[in-house]
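Biologist: I'd like to learn how to read a model like this one. Could you take me through it, feature by feature?

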Amino acid sequence: MEPLPQIPMMSYDVVVIGGGPAGMAAAVKAKELGLNVLLLDENDYLGGILPQCIHPGFGLHYYREELTGPEFASRLAKRLVELGVEYKTGTRVLEIRNCSDLEKVVIFTSPRGAYQVWAKAVIYATGARERHAFEIGIVGDRVSGIYTAGESQTLMDIYGIMPGKEIVIVGSGDVGLIMARRFALEEAKVKAVIELMPYPGGLARNVMILRDFDIPLYLSHKVVELRGKGRVERVKVVRVDENLNEIPRSEFWIEADTLIISAGLLPSVKKLEQIGVEIDPATGGPVVNDRLETSVPGIFVAGNSLLINDLVDYVAEQGELAAEGAKEFIEKGGIESRKWVKVEKGENVRLLVPHYLSGDRDVYLYLRVARPMEDIELRIPEIGKRMKFLVVKPSEMLRIRLKAEEIEGEKLTVRVVKV
Amino acid sequence: MIYSFTCIICPLGCVIEIEMENGKIKEVRGNKCPRGKEWAIEELLSPKRIVITVLPVEKSELPVVSVKTSQPVDVRKIPSLMKYLSELKLMAPIKIGDVVAEFEGVKIIATREAKKVK
């Protein structure tokens, strides 16, 4: 595609794509660091998914008080406006072009037309998308009444519309459990939460919701089929064995008019893949260094498009880090190439970010374990680091501080072992 | 009678058991800290929750506004609180932090802005 010649091209230091917590924190930080910033978001309002996450539990680290999602979002948005950060809502980024290290073009549409802008660096903070019914092997009739947990949250908590009356929820991750509570409070009947794994997927405080509202949780079960005329009428559930294979003759049907899918999030990285950014199959997000720069120089990533986070606090922290990286990139004409220390996953580590460390700054390693374990040690044998944990779970991301002076050698292997 | 709870005070997630005899607590076990014991006893005797919901707003850009209770509410009172809230209708504009209603001494606080339609 040729540049659109009739449109004058504005020029920015940084274009931030995505106006959720990662993007807003990045834009605020970049502005504070003296950069000329443009923030783009596709919704009509800033905040990403936060305005619909109306429950408390946000901000304990970042603001040192407990806020609801909309309150967290509005604090960041207020700061953004105070600082005079330029932002556009209702936009859709069509393409990022990497012309040279310090010359990137972001092409986007808005209700007022198509635009393209120059940027020296891009911070990509587009969040995640939800897995849908068709991606988890549910077959059956083409009926209405199937929503992802996030879609049902948008309907109920942004627009005040009840998606249904008799609900089956697939997956016991946090969003599914939180929506179970919302449905139950609004007098819908949550008939079951169906979880494939032998343990619940969400944080303990959210699993408690099931007890509060007497909602049955079926562990080691899956929904395989749905039936109905025009609308969901019933769903077929089967039990699975320890290898997640369906157990013959274990099936049963649950009558319901609505099926909610809460089967995990995937980093949204489409526009990055188009320009050849290397993706880590374990996180689904880009491979990054300790400035959260991707394999394409000057393209940074933060928040759920980097890896799926549990806490918005870490998302905002990643946004700030990416902004610091962008500042350094622009000032020095690139993140200095050096001998990067590669971080590798050892046993019982499912995913880990960042992938490369410079050793010239302290870093946080974000990681998830492969399975729930008790009395373990996290070890990095190359530098003799050991940390004890009484309990680790895949549903709770670990965040490990490494000091700059600890980071040395060719590679660091992070292992989680039973002691 | 033994009641079992997974503690949510910290990420350890202790499984705390409370043994009751003749309506009295006989033993609390499984907790690794005193806060867990306190939490589990409150969970058994008078569990409380912050209640969140959305309320309809007239003349607002978005049809509902999100709200929370100013303090945790006894779970036995939640159904009557929800019934009271289901009869409310608010009017834009509403700012974050506005007290939009009150139920038995518990303030209902807006957590999202409701801008007035132009």
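Predicted model: local features only at pLDDT ≥ 70, side-chain atom pairs only at ≥ 80, totals over all residues.

Biologist: Which residues in α1(A) and α7(A) meet?

Modeller: From α1(A) you have P21(A), A22(A), A25(A), A26(A), K29(A) and A30(A), and from α7(A) come V312(A), V315(A), A316(A), G319(A), E320(A), A323(A) and E324(A). Sorted by class, that contact has nine nonpolar, one polar and three charged residues.

Biologist: Now α3 and α4 of chain A. At what angle do their axes cross?

Modeller: Helix α3 (residues 149-157) of chain A and helix α4 (residues 174-185) of chain A cross at roughly 35°, with axes that come within 9 Å. This crossing of α3(A) and α4(A) is left-handed. On the α3(A) side, the residues in contact are A149(A), G150(A), S152(A), Q153(A), M156(A) and D157(A); on the α4(A) side, they are V175(A), G176(A), I178(A), M179(A), R182(A) and F183(A). By class, the contact of α3(A) with α4(A) has six nonpolar, four polar and two charged residues.

Biologist: And what does α4(A) do with α5 of chain A?

Modeller: Helix α5 (residues 204-212) of chain A and α4(A) have axes that cross at roughly 35° and come within 9 Å. The crossing of α4(A) and α5(A) is left-handed. D174(A), L177(A), I178(A) and R181(A) in α4(A) touch N206(A), V207(A), I209(A) and L210(A) in α5(A). Five nonpolar, one polar and two charged residues make up the contact of α4(A) with α5(A).

Biologist: Let's turn to charges. How should I read a salt bridge?

Modeller: Side chains of opposite charge can pair when their charged atoms come close. Over all chains, the count is 44 salt bridges. One of them joins R291(A) and E328(A), with the closest N and O atoms 2.9 Å apart. R291(A) lies in the loop between α6 (270-274) and β20 (299-301) of chain A and E328(A) in helix α7 of chain A, so this pair ties together parts that are 37 residues apart in sequence.

Biologist: How many salt bridges are there across the interface of chain A and chain B?

Modeller: Two. Among them, R49(B) and D212(A) meet through their side chains at 2.5 Å, N to O. The interface takes 26 residues from chain A and 26 residues from chain B. About 2,200 Å² is buried between chain A and chain B, and carbon and sulfur atoms give 65% of that area.

Biologist: What about the backbone? Where are the cis peptide bonds you'd point out?

Modeller: One runs from V353(A) to P354(A), with omega near -5°. P354(A) sits in the loop between β22 (349-353) and β23 (356-357) of chain A. In chain B, A92(B) and P93(B) are joined by a cis peptide bond with omega about 0°. P93(B) is in the loop between β8 (90-91) and β9 (99-103) of chain B.

Biologist: Is phi of R249(A) positive or negative?

Modeller: Positive: phi is near 60°, and R249(A) is a residue other than glycine. You'll find R249(A) in the loop between β16 (234-239) and β17 (252-255) of chain A.

Terms used. Residues numbered from 1 in each chain as written. Chains lettered and ligands numbered in written order. Heavy atoms only, no water. Contact = heavy atoms within 4.5 Å. Helix = DSSP H or I, 4+ residues; strand = E, 2+ residues; numbered from the N terminus. Nonpolar A, V, L, I, M, F, W, Y, C, P; charged D, E, K, R; others polar. Buried area = accessible area lost by both parts, 1.4 Å probe. Salt bridge = Lys/Arg side-chain N within 4 Å of Asp/Glu carboxyl O. Axes fitted to C-alpha atoms, helices over the stretch in contact; angles between N-to-C directions. Left-handed = near helix turned anticlockwise from the far one by under 90°.
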